[in-house]
Amino acid sequence: MVQTVRTSPQRRVSVETTARLHMGFIDLNGGLGRRFGSIGLSLDKPMLRLNACRQSDFTAVGPGNERVVAYARTFAQRAGIAGGARFEVLTAIPDHAGLGSGTQIALAVGSALSRLYDLGLDTVQVAVMTARGARSGIGIGAFDDGGLLVDAGRGPDTLVPPIVARMHFPEQWRVLLVYDPASEGVHGSEEKQAFGAMPDFSAEQAASLARLVLMQALPAVAEHDLPAFGAAISELQRVVGDYFAPAQGGGRYLSPRVAAAMAWLEQQGVGCVGQSSWGPTGFAVVEDAARAAALQQQLQQLYPALHYEICAGRNTGSKVTSANDGL
């Protein structure tokens with residue numbers, strides 16, 4: 001059934017959302033009836049910012065405009081919207097860098113259309129309509145609430161992996177992102193094939209990772225204990241990185257150049273390093289902004305082909321606002 005709603009054509013919706021780190025899967029065994037499970041962190045940048053207003057068809061301008069239109073058409077078809085929208089993308093999250101750009105575009109576009117057409121959908125409903133959350137709910141939790149997040153993976157009837165833990169990330173800690181602009185993370189059909197080709201993951205390994213998350217990583221965040229948090233995340237990264245190594249060239253990191261930079265950071269005593277999702281982006285969590293800036297300056301001299309960005313954790317969700325003064 002096609003839904004038509006009388007809404008002012010000058011109405012504008014603005015959405016601001018941000019990148020996330022996917023720090024690793026917890027249970028790739030699935031013997032308890034649920035598979036995957038993730039820990040991740042919402043970042044304060046890079047950000048996706050877009051405006052949308054109603055029109056007869058779907059168009060978009062700005063970075064990632066083709067993906068925006070594709071998600072908009074998918075959402076509109078499933079939501080039964082008669083009409084379209086014009087999107088203006090002001091800033092974007094890098095595509096296929098391991099920072100969750102696809103999920104944030106989908107949720108931003110779907111949320112904007114839901115507001116424009118008065119559908120009243122929540123984020124999980126938007127995620128289902130745009131086919132996001134196949135394996136992880138971290139990006140959806142980041143859109144809703146931000147912070148450090150744990151999702152419970154997929155069970156037989158799961159629509160979107162539910163967030164089962166959400167914590168305020170320490171304000172003073174900083175995340176140093178290490179980008180390789182010459183590399184692109186595994187995605188799409190290649191990602192599906194990679195998961196299908198993975199070997200068995202033992203129940204013992206899954207139990208160990210669950211213990212690391214529950215009994216070390218989360219308490220460390222509560223107590224602002226960066227060494228303990230770093231030890232847990234780095235071990236999680238080691239186990240999961242070795243598991244996925246055959247799908248990313250044989251190493252824990254997709255990009256050899258990022259791998260070299262992360263090894264150097266470890267040599268400097270940085271205890272929390274890893275790759276976000278399929279990469280190629282690497283990350284390091286350090287105690288404050290001054291430490292992050294000093295490391296960034298040294299890395300730029302040692303590895304000038306890589307790009308760097310200093311972020312904080314974002315402890316709030318996305319912003320979806322309405323105005324009546326068109327684009």
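Visitor: What is the relative accessibility of Ser-101, and does Ser-101 count as buried or exposed?

Guide: Ser-101 counts as buried, at 6% relative accessibility. Before we go on, a word on the model: it is predicted, so local features need pLDDT of at least 70 and side-chain atom pairs count only at pLDDT 80 or more, while totals for chains, interfaces and linings use all residues. Residues are numbered from 1 along each chain as its sequence is written, and side-chain values use heavy atoms, with hydrogens and water left out.

Visitor: Where does Ser-101 lie, and which residues does Ser-101 touch?

Guide: Ser-101 lies in helix H2. Helices (H or I, at least four residues) and strands (E, at least two) are DSSP runs, numbered from the N terminus. Touching is about contact, meaning heavy atoms within 4.5 Å. Leaving aside residues up to four places away in sequence, Ser-101 touches Arg-67, Ile-93, Pro-94, Asp-95 and His-96.

Visitor: Let's step back. How many helices and strands are there in the protein?

Guide: You'll find 9 helices and 11 strands. Taken along the principal axes, the C-alpha atoms fill a box of roughly 60 × 45 × 35 Å.

Visitor: What is the radius of gyration of the protein?

Guide: That value is taken over C-alpha atoms, and the globule rule to hold it against is 2.2 Å times the number of residues to the power 0.38. With 327 residues, a compact globule would come out near 20 Å, and the protein has 20 Å, which agrees. As for burial, 53% of the 327 residues count as buried. Contacts tell us about the chain too: of those with a separation of 6 or more, 77% are between residues 24 or more positions apart.

Visitor: Which residues are linked in a network of salt bridges?

Guide: First, the idea: a salt bridge is a side-chain nitrogen of Lys or Arg within 4 Å of a carboxyl oxygen of Asp or Glu. The network links Glu-235, Arg-238, Asp-242 and Arg-252. A search of the whole structure finds 9 salt bridges.

Visitor: Which residue forms a salt bridge with Asp-180?

Guide: That is Arg-257, with the closest N and O atoms 2.7 Å apart. Here too, distant parts of the chain are linked: Asp-180 is in the loop between strand E7 (174-179) and helix H5 (188-197), and Arg-257 is in helix H8 (residues 256-267), 77 residues apart. Asp-180 is buried, with 7% relative accessible area, while Arg-257 counts as partly exposed at 34%. Glu-287 counts as partly exposed at 38% relative accessibility, and so does Arg-291 at 24%.

Visitor: Now the backbone. What is phi of Ser-277?

Guide: In general, most residues other than glycine have a negative phi, and most peptide bonds are trans. Ser-277 has a positive phi, near 55°. Its place is in the loop between E8 and E9, and Ser-277 is partly exposed, at 31%.

Visitor: Where is the cis peptide bond with omega near 0°?

Guide: That bond runs from Lys-45 to Pro-46, and Pro-46 is in strand E2 (residues 36-55). A cis bond also joins Gly-279 and Pro-280, with omega about 10°. Pro-280 lies in the loop between strand E8 (273-275) and strand E9 (282-286).

Methods: Buried means under 20% relative accessible area, exposed over 50%, partly exposed in between (1.4 Å probe, protein chains only).
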